[in-house]
Amino acid sequence: MDSREVILRSVRQNLPPKVECPALDQGHWICYEDRVKQFTDVLEAVGGTCSIVHSMDELNDQLHQLPAYCAAKKICSCVPGVGESNVPLETIQDPHDLEDVDFAILPGQFGVAENGAVWITDAEIKYRILCFIPQHIALVVRAKCDLADAIVDHMHEAYHRLEITDSSFGLFMSGPSKTADIEQSLVIGAHGPRSLTVFLLEMPN
Amino acid sequence: MSHIARHPELAAQFVSDGARTEWHDQALWFVRKKRDQMAHALPEWELLREKASQIKHHTMSHLDQYLLQFETKAIERGAQIHWARNAEEHNTIVLGILQEHHVTRLVKSKSMLTEECHLNPFLERHGIEVVDTDLGERIVQLKGEPPSHIVLPAIHLKKEEVGVVFHQHLGTDQGASDPNYLTEAARKHLREKFMAAQAGLSGVNFAVAETGGVVVCTNEGNADLGTSLPPLHIACMGIEKLVPRLEDLGLFLRLLARSATGQPITSYTSHFHGPRPGGELHIVLVDNGRSDLLGDPSHRRSLHCIRCGACINTCPVYRRSGGYSYHATIPGPIGSTLGPSRNMQDYYDLPYACSLCGSCTDICPVQINLDEQLLGWRHRIVAHRLLPWRKRLLMKLLSWTFRNTWMYVLAGKVARWTVPWMPRFLIYNPLNAWGKGREIPRMPKHSFREMYRKRIRK
Ligand code: SF4
């Protein structure tokens, strides 16, 4: 008998009495009066920044005011029309070649008010390493009509909204990379991005 | 038989430095308070715990089905599944995958399972360089120590000590101890390791039966740097890590980081559904005693653990005795119940490293009845006559005294008369373990019975 069979048999022999699976109905969970404000506040508390913009021009303007963006030599944008990308992803063969990207601009699908997280998948980002290796990251979350549509209250809603389809990788990103492993002192910029800026773009089509 | 240092002995070493004990205690209490703030900010906190517990009960009672469902779905998504009965098989499987891919440099993110299996020394013996990439784990790895906490591996070290380790291994300035400076040095060092690695190994926080995906949470992004650069990703998980549905993640993720470090969520919560294009994802499902534990009605709930570490942070014994005093991979309340279920003889002392205050049970996000489990272990340990003879004899004597009124009354009288006159060495000697660091209370003139009788007469 192979290990798989041995383990399954042992599990079956030891199964506890059957217990029903609880429903996780919405309605029990917290709702925020102003989701956008809650998202912004929490994001700031976890070391990120949030910026609300109403047009592509405004977005690009704001981007140019970020010192990290101005100082960046290698910029990789996966959001058409945002930033001056000089790392053409078509030419990249190996994710290791992205090691020295200073600034990446990536599309986020929606934000979560309770924890300041943004859902990202590699459907739009060819190399998932772009979420982790750049020195700085900006996410662009676009709202179709109202900004509040781009933010859900909590994680339960988040999982109803997101889809696990073809993309093999999905990520909630909440703030920059950080650690408190040395005497509980919070240090922003552990091995990954040193800063995270989320642009909430309210732009009716 | 070689001498196994037991919790009281190891704890005595730890508390011999009073200032340090105080510092350790405060550091963990700080984390506990952050957790409280987060928990109190959510009106539905208790409901979340309740539901999480129910989901775990449900999952465990259908574990065979969910394992099979997970396997099918994960394979559909292109992952390769391996099953390991025990630690040796787990290690052999991992080594096999690495050798097949000619890997000599591996980066690893946090995984208590691989600690449990002693994977690192095994791989190193086979010529593979293993680099732990969680900063805390890297610190203790360089120091040649195991983690002292499951979430905060280097919580027992002061920044000056980290400075010394980094000076020796990473060439930081002598005497430098600024956390920012040290973290920056680690960043440079580890990014080189990430770039050079030929494979990445991660633990698994949750595995979803419905979709065949695994979820990994980190704050540093180290699991992702480690698994997104090289084409080979190995994820190792205990069979108890399953949740049935994708939506269950919402519940557990709300609880995990809040309970662990008082954060609303970790910086990165990555969902891996299959390998990345052109890469390979191997998932190793490990039993190593878990299915046996499932059959133990009084302790199976310890399989519900999501390894948040909250019970450890809140435990008054852990805070004042440190992770190493538990001589087990997982310390604190949860480790003290998991230890004896692995090997009662080796870990019989751990359920006694507990004041039965119940704080762990109150705080546990999945409502594990930790204090009851520890008490349950004590019953079994006594039944198996595993306690040292001194303690056994004392317990016998006490229980006999408590059962016989006349003896109890007499013992009280004798103590009240004699103790105040006894020289200290007679009271505080090696036979009286209780008197270590404690003073026996001042003997009253009369017993409660006597006082009560007097009052009634009045
Ligand atoms: S037993 Fe509960 S509190 Fe302790 S680590 Fe596990 S989940 Fe957290």
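Which cavity is the space taken by the ligand? In this predicted model, the ligand takes up the space of the second largest cavity.

Begin the tour at the ligand and select the residues around it in chain B. One part of this shell consists of B:Cys305, B:Ile306, B:Arg307, B:Cys308, B:Gly309 and B:Cys311. Coloured by class, the shell shows ten nonpolar residues, one polar residue and one charged residue.

Next, display both chains together. Here 93 residues of chain B are in contact with 72 residues of chain A. Between them the two chains bury about 7,100 Å², of which 61% is on carbon and sulfur atoms. On the chain B side, select B:Arg187, B:Met195 and B:Tyr268, which lose the most area to chain A and together account for 10% of what that side buries.

Finally, select helix 1 (residues 3-13) of chain A and helix 4 (residues 63-76) of chain B, whose axes come within 8 Å and cross at roughly 150°. From helix 1 of chain A, A:Arg4, A:Leu8, A:Val11 and A:Arg12 meet B:Leu63, B:Asp64, B:Leu67, B:Leu68 and B:Glu71 of helix 4 of chain B. By class, this contact comprises five nonpolar, no polar and four charged residues.

Notes. Residues are numbered from 1 along each chain as its sequence is written. Chains are lettered from A and ligands numbered from 1 in the order in which they are written. This is a predicted model: local features need pLDDT of at least 70, side-chain atom pairs count only at pLDDT 80 or more; totals for chains, interfaces and linings use all residues. Side-chain values use heavy atoms; hydrogens and water are left out. A residue is near a molecule or strand if one of its heavy atoms lies within 4 Å of it. On a 1 Å grid over the protein atoms alone, a cavity is a set of points where a 1.4 Å probe fits but cannot get out, and a pocket is an open set with protein on both sides within 12 Å along at least five of seven lines; lining residues have an atom within 4 Å of a point. A molecule sits in a cavity or pocket if more than half of its atoms lie within 2 Å of its grid points. Ala, Val, Leu, Ile, Met, Phe, Trp, Tyr, Cys and Pro count as nonpolar, Asp, Glu, Lys and Arg as charged, and the others, Gly among them, as polar. Axes are lines fitted to C-alpha atoms, for helices over the stretch in contact, and angles run from 0 to 180 degrees between N-to-C directions. Helices (H or I, at least four residues) and strands (E, at least two) are DSSP runs, numbered from the N terminus. Contact means heavy atoms within 4.5 Å. Buried area is the accessible area (1.4 Å probe) that two parts lose on being put together, summed over both.
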